[in-house]
Amino acid sequence: MKTWHPDLGRSSSPLYMAIADLIELDLKSGQLSPGDKLPTHRDLARRLAIDVTTVARGYVEAQKRGLVQSHVGRGTFVTGTESPRANPPVATPPDGRRAAVIDLSMNMPPEPDDPVLIARMREGLATVSADLLPLLRYQGFGGAAMDKEAAASWLGRRDVCAPAERIFVTPGAHPALLAILSILAKPGETVLSENITYPGLRSIAAQLRLRICGLPMDADGILPDAFADACKREQPRALYLNPTLQNPLTLTMSQARRQAIVDIARHYRVPVIEDDAYGFLPTGAPAALASLAPELTWYIGGLSKCIGAGLRVAYVAAPDDSRSLWSFAGAMRSGNVMASPLTTALATRWIGDGTADAILAFLRAEAAARQEIVAGLLPAGSYSADAVSFNIWLPLPHGWTRSIFSAHMRSCGLGVVASDAFSVDGTPPEAVRVCLGGPIPRAQLQSALEFMAHALEGPPEMAGSFF
């Protein structure tokens, strides 16, 4: 077909609605047919002399009406139906084994798209699976000797030095955190954390019937005076921290603040749980808390955020306390038996042959590129982010509420999480976490972020027609 060039004067609706109206009219008149490919956002915007985000909103409205369907890497196509779609588009992998909805509400690393790197990753998997049968058997708890060696090498990058008997290979950070909290605190007892913190901590605490007390923060992390006061007042059983690229605020605790927090924890004999999920991403991050106070810190170094979300392996360095080691081993065995030998072997292989470093290098570059997209669309100072974080923390402009904004963004397929999920004490702020990683390519991410930036330029009343 010839290139579609709608006449916006044929509709009295707002420009973005007019685009959807004209797709519908031209489909009925025969000027458009099912299967026709529509112009790209930028091409149509240039020819109509309108803003790119207006075209993006128009295509979103047309997709809501069931008139078009967008396909990653291919474009937007006319479908010829007129029934609203209740669910977001589903991407089907080439092998057809399963379908997966693109979900940007999870803070995942971007997926590698470099053929050379992917081939290298596959080579490691092939090498590991060549001797498959032993990996299908029960293994000794805590990891084989070679797995602990790889773990020690990996943790050494964060200045965490622990002997093999204090290192455990676990099936992910979440079960490790569950086991640690189960041995440190009893139902009804208090655990301290940041006042805006990782939602997984809240769910685990609820399961164990623990009370979480949130501590106020500044740009350097939790406030030392507030921590000391809480130690006197609450008699906490532990302090949970995510001190590097904190989820969701993306803050990194300074070295001086880390030392101040460690000094207070040591004075009041409060165990520290250091969730260092993102600590391997920055190239110059401050040393881990566990390197400052190894005798009281439970260090968790998960691989899912710095290698791949499906690589459910975490390395735990326990404090130098035999009773803690025994208790942790018992808690992990009862809940998980062991980490997957196949997954663990792959992690060991990638660390040993340098593939893990290559993946890290890709993630740093890709995260930086995605943060540049955000910086080009949102005003400086209107959000919090780090150059290598996989998300931004977005305080909402006056008039917007987190519930209205979250629902509005879902209408265009951009997953955001309202601050309620992260807030420990008090009324949650009018803010959301916006994730930038996962399987979504840069071009699609930019389109969604353009839509978001456009929405924030106006009052929330303008979003009403999108629900």
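Q: Quick one to start: is Arg402 buried or exposed?
A: Arg402 counts as buried, at 15% relative accessibility. Keep in mind that this is a predicted model.

Q: What does Arg402 form a salt bridge with?
A: With Glu430; the closest N and O atoms of the two are 2.9 Å apart.

Q: And where do the two of them sit?
A: Arg402 is in helix H14 (residues 402-410), while Glu430 is in the loop between strand S15 (416-418) and strand S16 (431-435), so the bridge ties together parts that are 28 residues apart in sequence.

Q: How accessible is Glu430, then?
A: Glu430 counts as partly exposed, at 33% relative accessibility.

Q: How many salt bridges does the structure hold?
A: There are 20.

Q: What about Arg266, which residue does it form a salt bridge with?
A: Arg266 pairs with Glu295, and their closest N and O atoms are 2.7 Å apart. That pair links distant parts of the chain, 29 residues apart: Arg266 belongs to helix H9, and Glu295 to the loop between helix H10 (289-292) and strand S12 (297-302).

Q: What are the relative accessible area of Arg266 and the relative accessibility of Glu295?
A: Arg266 is partly exposed at 34%, and Glu295 counts as partly exposed too, at 37%.

Q: Which residue does Glu234 meet in a salt bridge?
A: Its side chain meets that of Arg233, at 3.1 Å from N to O. Glu234 is buried, with a relative accessible area of 19%, because the cut-off for buried is under 20%. Arg233, on the other hand, is exposed at 53%.

Q: Switching to the backbone. Where is there a cis peptide bond?
A: From Asn247 to Pro248, with omega near 20°. Pro248 lies in the loop between strand S10 (238-241) and helix H9 (255-268).

Q: Why point that out?
A: Because most peptide bonds are trans, and most residues other than glycine have a negative phi.

Q: OK, phi then. What is the phi of Thr250?
A: Thr250 has a positive phi of about 70°, although it is not a glycine. Like Pro248, Thr250 is found in the loop between S10 and H9.

Q: Is Thr250 buried or exposed?
A: Thr250 counts as buried, with 4% relative accessibility.

Q: And what is the phi of Asp159?
A: Near 60°, which is again positive in a residue other than glycine. Asp159 sits in the loop between H5 and strand S5 (167-170), and it is partly exposed with a relative accessible area of 44%.

Q: Now helix packing. At what angle do the axes of H6 and H11 cross?
A: At roughly 125°, and the axes come within 9 Å; H6 covers residues 173-184 and H11 covers residues 322-336. That makes H6 oblique to H11.

Q: What's the handedness of the crossing as H6 passes H11?
A: Right-handed.

Q: Last topic, the surface. Which residues make a nonpolar surface patch?
A: Leu132, Leu133, Leu136 and Leu342 make one of about 370 Å².

Q: Where does Leu133 lie?
A: In the loop between helix H4 (115-129) and helix H5 (145-156). Leu133 is exposed, with a relative accessible area of 58%.

Technical notes. Residues are numbered from 1 along each chain as its sequence is written. This is a predicted model: local features need pLDDT of at least 70, side-chain atom pairs count only at pLDDT 80 or more; totals for chains, interfaces and linings use all residues. Side-chain values use heavy atoms; hydrogens and water are left out. Patches are made of residues with over 30% relative accessible area and no salt bridge: like charges are joined within 9 Å, nonpolar side chains (Val, Leu, Ile, Met, Phe, Trp, Tyr) within 5 Å. Accessible areas come from the Shrake-Rupley method with a 1.4 Å probe; for residues, only the protein chains shown count as cover. A salt bridge is a side-chain nitrogen of Lys or Arg within 4 Å of a carboxyl oxygen of Asp or Glu. Helices (H or I, at least four residues) and strands (E, at least two) are DSSP runs, numbered from the N terminus. Buried means under 20% relative accessible area, exposed over 50%, partly exposed in between (1.4 Å probe, protein chains only). Axes are lines fitted to C-alpha atoms, for helices over the stretch in contact, and angles run from 0 to 180 degrees between N-to-C directions. Angles under 35 degrees count as roughly parallel, over 145 as roughly antiparallel, 65 to 115 as roughly perpendicular and the rest as oblique. A crossing is left-handed if the near helix is turned anticlockwise from the far one by less than a right angle, and right-handed if clockwise.
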